[in-house]
Amino acid sequence: MKESILAVRNAIDTLDLDGIGTIVNQCLKEGLSPEEIIREGISKGLNIVGRKFEEGEYFLADLIMAGEVVREAMPILKEKMNPGDAKSKGKVILATVQGDIHEIGKNIVGMILSANGFEVIDLGVDVPAEKIMDTAKTTGARLIGLSALLTTMVTSIRDVVETSRRAGMRDQVKIVIGGACTTETLCREMGADAYGETAIDALRIFNDYRATA
Amino acid sequence: MTSNPPDLVILEEIPFTVDEKGFFELLKIRPGSRHAAELADIFNEARTAARPKAAFAVAPVDDKSDDTVSIAGVRFKSRILAVNLKDANVAYPFIATCGQELEKWSSHMSGTLHSFWADTIKLLALGCAMGHLEAYLKERLGSAALSTMNPGSLEDWPLTEQKPLFGIIGGGAEKIGVSLTERMVLLPLKSVSGIHFISEEGFTNCRLCPRQHCDLRREAYEPALYTVRYGCG
Ligand code: B12
C-alpha cells in the first residue's frame, strides 16, 4: 500500500482536518485515481474510526470530526472524477419515530451513511409516519431508516409500515430499524425489512439494498 | 381524598457552569485549529443565551397501595414507585430543562458540525439544571440520600405517567417554559421529568434496566431485584 494512501487513512483516524487537503492532493499528484483514494483511503479510514467507536475508544465527537475530515477531502476528489462516477449512492430518509426524541444514534447513522456516499435526508425527531412517506414520494428516496429508543413508541414503526402500504409503496421502499429498544424479533413483529444493531450495520444493510436494487 | 396544592419551587437562575477548556476537549477541537475560533464564538453566544431552569413541587405522599401511590392527590400507577415511596411522607416531582432561550438560539444552527455543537451545549445546559436541582434539594433536605425515578424509564412506570406528573408540576413547567405534547414528549426536547425522593436504601433505574452497552450505567443490572425488593413476577 502506498504511503500516501496510508496517510489518508491516518488523517481520518487522527481527525487531521487541517492536513487532509494537502495529503489528498499529494495522492493525486502521485497519480492515484480519486476512486482508489476513496476506496482505499477514505472508506478504510472511516472503517477504522467506526470500529474504534463501536469498541468504545472513540466518542461521538470523534465520529463527527472524522466526517468533517472526509467532507473536506471530497470536493478535491470530486473535481477530478467523471461526473457519472461522482454520483451519490442514493437517498436515505432517516427519522426518529413519532413520540420519541432520542437522536444521537440516528445522527451517527446519518454521519456514517453520508460519509460513505449516501444522500441523507434527516427528518429529525418525533416524526409522523405521513411525513416520512410524503418525503419518500417527493424525493424519490426508497431507503428509510427509523430510530427508536423508547419502548412505548415502537408501535410508531408499524405506523410507518402501514402508511407505506396504504400509499401503495410498501414494495418500493425498504424500512430499516435500529435504536437501543429494537431487535430482530421486533423488526419482524412490526413488519419492517431489516434490523441493524449499530451504525456500521446500518451502512452494511443500506449498501446491500443498494446493490440489489 | 383532598389534598392541599403542593408548594412549587422555581429555579430560574441556574448558572451555565460549563468549563470552556473541557468543552473544547469534549468536542475534539484543538486550540489554534481552524474550527477553534468558530467554536469559541458559538460557545460564547451560548453562554450568554443559556438559562437552564428547573421546577419542583414539595408534594405530600398521601396514600399508598401495593401498585399505586397518590402524591398531592394525584394517583400514579407503579409498583416500583409505590415501594420506593413506602417510607416517604413527601416526594419532589420535578422538571429540568436546557431552557427555551438556548432552544431558540440553536434554531439558526445548520450543518452537521454546528448542529452537533449546539446539541451538545443544550445537553450540557440540561445537565447544569439537573445537577443544580439535585444539589439544591440535598441541601434543603439536609440529606444526601436523594433518589430519582423518571416516567418512561421502566416498563412498570410508563411514559403515559407524564400526564399525572404534569398534573402536579404543570404550573411550574409553564413557568420554566416546558410543555408536554399529546404523545408525551417534553418540549424543549432537552428536558427531563421525574420524581425525586429520599430513600436510605437508594434507587437508580440502572439496577432494573437490562440494557447492555450503556456508557452511562451507574450501577449493575440486578434482575433478581424485581422479585426480592418489589415482589414483582
Ligand atoms: C441521551 C439520552 C437522553 C437525552 C436525549 C438526547 C438526544 N438528543 O437524543 C435526554 C436527556 C434529553 C433524554 C430525555 C429522556 N429520556 Co432518555 N436517554 C438517553 C440515553 C442516556 C442515551 C441514548 C443515546 O443517545 N445513546 C447513544 C446512541 C449512540 O445509541 P443508540 O441511540 O442506541 O444508537 C446506536 C444503535 O442503536 C444504532 N442505531 C440507532 N438508530 C438507528 C437506526 C437504524 C436504522 C439503524 C440500522 C441503527 C440505529 O446505531 C447507533 C450507533 O451504533 C438513554 C439510555 C441508553 N443507554 O440508551 C436514555 C433513555 C433512552 N431515555 C429514556 C427516557 C425514559 C427518557 C425520558 C422520557 C425521561 C423523562 N421522563 O424525562 C426523556 C424524554 C425527554 C423528552 N423531551 O420528552 C429511557 C427509555 C426507556 C425505554 N426503554 O423506553 C432510557 C433507556 C434511559 C432509562 N433507562 O431510563 N434522554
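Which residue of chain B forms a salt bridge with A:Glu103? The partner is B:Lys190, and the closest N and O atoms of the pair are 3.1 Å apart; a salt bridge here is a side-chain nitrogen of Lys or Arg within 4 Å of a carboxyl oxygen of Asp or Glu. Welcome to a short tour of the model that holds this pair. This is a predicted model, in which local features need pLDDT of at least 70 and side-chain atom pairs count only at pLDDT 80 or more, while totals for chains, interfaces and linings use all residues. Residues are numbered from 1 along each chain as its sequence is written, chains are lettered from A and ligands numbered from 1 in the order in which they are written, and side-chain values use heavy atoms, with hydrogens and water left out.

**Where chain A meets chain B**

- On chain A, 31 residues are in contact with 20 residues of chain B, contact meaning heavy atoms within 4.5 Å.
- The two chains bury about 2000 Å² between them, and 56% of it is on carbon and sulfur atoms; buried area is the accessible area (1.4 Å probe) that two parts lose on being put together, summed over both.
- Four salt bridges are found across the interface of chain A and chain B.
- Seven residue pairs, both at pLDDT 80 or more, are in polar contact across this interface. A polar contact is a pair of N or O atoms within 3.5 Å; within protein, one must be able to donate a hydrogen and the other to accept it, and residues adjacent in sequence count only if both atoms are side-chain atoms.
- Helices H4 (60-79), H5 (104-115) and H7 (155-166) of chain A each supply at least two residues of the side of chain A that touches chain B. Helices (H or I, at least four residues) and strands (E, at least two) are DSSP runs, numbered from the N terminus.
- H4(A) gives the most to that side of chain A, with eight residues.
- By class, the side of chain A that touches chain B has 15 nonpolar, six polar and 10 charged residues. Ala, Val, Leu, Ile, Met, Phe, Trp, Tyr, Cys and Pro count as nonpolar, Asp, Glu, Lys and Arg as charged, and the others, Gly among them, as polar.

**Salt bridges**

- Over all chains, the count comes to 29 salt bridges.
- A:Glu103, B:Glu103, B:Asp119, B:Lys122 and B:Lys190 are linked in a network of salt bridges.
- A:Asp122 and A:Lys106 meet in a salt bridge of 2.9 Å, N to O. A:Asp122 lies in strand E2 of chain A and A:Lys106 in helix H5 of chain A, so the pair ties together parts that are 16 residues apart in sequence.
- In that pair, A:Asp122 is partly exposed at 40% relative accessible area, whereas A:Lys106 is buried at 3%. Buried means under 20% relative accessible area, exposed over 50%, and partly exposed in between (1.4 Å probe, protein chains only).
- B:Lys21 and B:Glu25 form a salt bridge, with the closest N and O atoms 3.5 Å apart. Both lie in helix H1 of chain B, four residues apart, about one turn of the helix, and B:Lys21 is exposed at 61% relative accessibility.

**The cobalt site**

- A:His102 (NE2) is the single protein donor to the cobalt atom of the ligand, 2.2 Å away. Donors are N, O and S atoms within 2.8 Å of the metal (3.2 Å for Na, K and Ca); water is not among the atoms, so sites may look incomplete.
- A:His102 lies in the loop between strand E1 (91-96) and H5 of chain A.

- Buried residues in H2(B) include B:His35, B:Leu39, B:Ile42 and B:Phe43.
- The buried residues of H2(B) pack against H4 of chain A together with H1, helix H4 (100-106) and helix H5 (112-141) of chain B.
- B:Ser33 lies in the loop between helix H1 (20-26) and helix H2 (34-49) of chain B. The side chain of B:Ser33 reaches the backbone oxygen of B:Arg30 at 2.7 Å, and B:Ser33 is buried at 18% relative accessibility.

**Backbone points to look at**

- A cis peptide bond joins B:Leu187 and B:Pro188, with omega about -5 degrees. B:Pro188 is in the loop between strand E8 (186-187) and strand E9 (191-198) of chain B.
- A:Asp126 is not a glycine, yet has a positive phi of about 55 degrees. A:Asp126 is partly exposed at 24% relative accessibility.
- B:Ala72, also not a glycine, has a positive phi of about 50 degrees. B:Ala72 is buried, with a relative accessible area of 12%.
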